[in-house]
Amino acid sequence: MPVLHSLRRAAVVLLLAAATLYAAPARPAAADEPGWTAEPATGAAATAVRPYFYLAGAPGTVLEDRLALANTTDRERTITLRGADAYNTADGAFAVRPATPGAGAAAAAGAGSWISFGAATTVKVPPRTRAVVPFTLTVPPASPPGDHPAAVIATEGGHEVGVRVHLRVGGPTLAALTVEDVAVRGRGAAAVIAYTLVNRGNVALTPELRVRAEALVGEPADPPRGRTPPVELLPGQRVELTEPWPGAPAFDRVRVTLTVTAPGGARAVATGTRWLVPWGLAGWTGGGLLGLGATTAAALYLVRGRRSEPGPAPAPGGPSAAGPTPPAPHHELTGAAR
């Protein structure tokens, strides 16, 4: 009997294990998981992973680096490589130009076109393998100094992975920016301060913003006085940003001053003013102004109508309404015969 009981217990355990394996199969890979990675290659003595490529050189030089492709799946991967120009989107995000320039893309080629993989523009990476692909970046002789943002793009099966390329061409550098179009939008807790930053120099900038608010009547609660917006402003780029201002007054005339600085001596100041009026009061005020305008127009119409009415006709033979007619002037010519 003890032997039979032990066999029954073993059979139950096996059945439960089989049921568990059947109910919980291995999790398939998600559709958005590419199964491969692309990153800057590191040497044998390197201890830290490089987050991006950093290259520097004078005009006319040829720079070299390497891209590492790691296939973590059990099937071969065919990956296509190219260089791309980088830019800021309207809200300040970092983006790259498409392979085929379309609407909205810059027509002029930038540093992305200086990157070449030679004959290795398409690389086959075996399963569970890491491939290192060299590439060159040729700086044209007439390249202006400063930062030229670009990226290395790896594509496979509609999935793209981009690795940033920070390229600085030797020569004088200038850190300069302007802040424009400062305005207060919205009301109450939804109020924001909108502004535009423009990089007028030739190096990438990480701006820091300081905000000061003044009111005509009360003391408004200032928005965050000092912060670093989450944007890297690339040379020649323009971005439109907003800062929340939940403490904006409900009814007042406000003046907002923005001071923007960046490493390298860049500094810019701009102001914006606005009347903040509650929606209800704004409606009543607008209606009152419309009513006042209509009343004024009607009064002017009546006055002009009265002025244009004809007066009574003069009696026959009597004096005209304009009064007696003055005598005709007598002229005496000197030297005339009498």
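Reader: Is E232 buried, partly exposed or exposed, and what is its relative accessibility?
Author: Bearing in mind that this is a predicted model, E232 counts as partly exposed, at 24% relative accessibility.

Reader: Which residue does E232 form a salt bridge with?
Author: E232 pairs with R164, and the closest N and O atoms of the two are 3.0 Å apart. The pair links distant parts of the chain, since E232 lies in the loop between β14 (226-227) and β15 (238-244) while R164 belongs to strand β10, 68 residues apart. R164 is also partly exposed, with a relative accessible area of 23%.

Reader: And where do E160 and R82 sit in the chain?
Author: E160 is in strand β10 (residues 159-169) and R82 in strand β4 (residues 77-88), so that 78 residues separate them. Their side chains meet in a salt bridge, at 3.8 Å from N to O.

Reader: Why is R82 classed as buried, and E160 as partly exposed?
Author: R82 has a relative accessible area of 18%, and because buried means under 20%, R82 falls in that class. E160, at 44% relative accessibility, counts as partly exposed.

Reader: Changing topic, how many salt bridges are there in the whole structure?
Author: A search of the whole structure finds 12. Among them is the one between the side chains of R212 and E214, at 3.2 Å from N to O. R212 is partly exposed at 41% relative accessible area, and E214 is partly exposed at 33%.

Reader: Which residues do shared partners join into one network?
Author: Those are E180, R200 and R238, joined by salt bridges that share partners.

Conventions: Residues numbered from 1 in each chain as written. Predicted model: local features only at pLDDT ≥ 70, side-chain atom pairs only at ≥ 80, totals over all residues. Heavy atoms only, no water. Salt bridge = Lys/Arg side-chain N within 4 Å of Asp/Glu carboxyl O. Helix = DSSP H or I, 4+ residues; strand = E, 2+ residues; numbered from the N terminus. Buried < 20%, exposed > 50% of the residue type's maximum accessible area, 1.4 Å probe, protein only.
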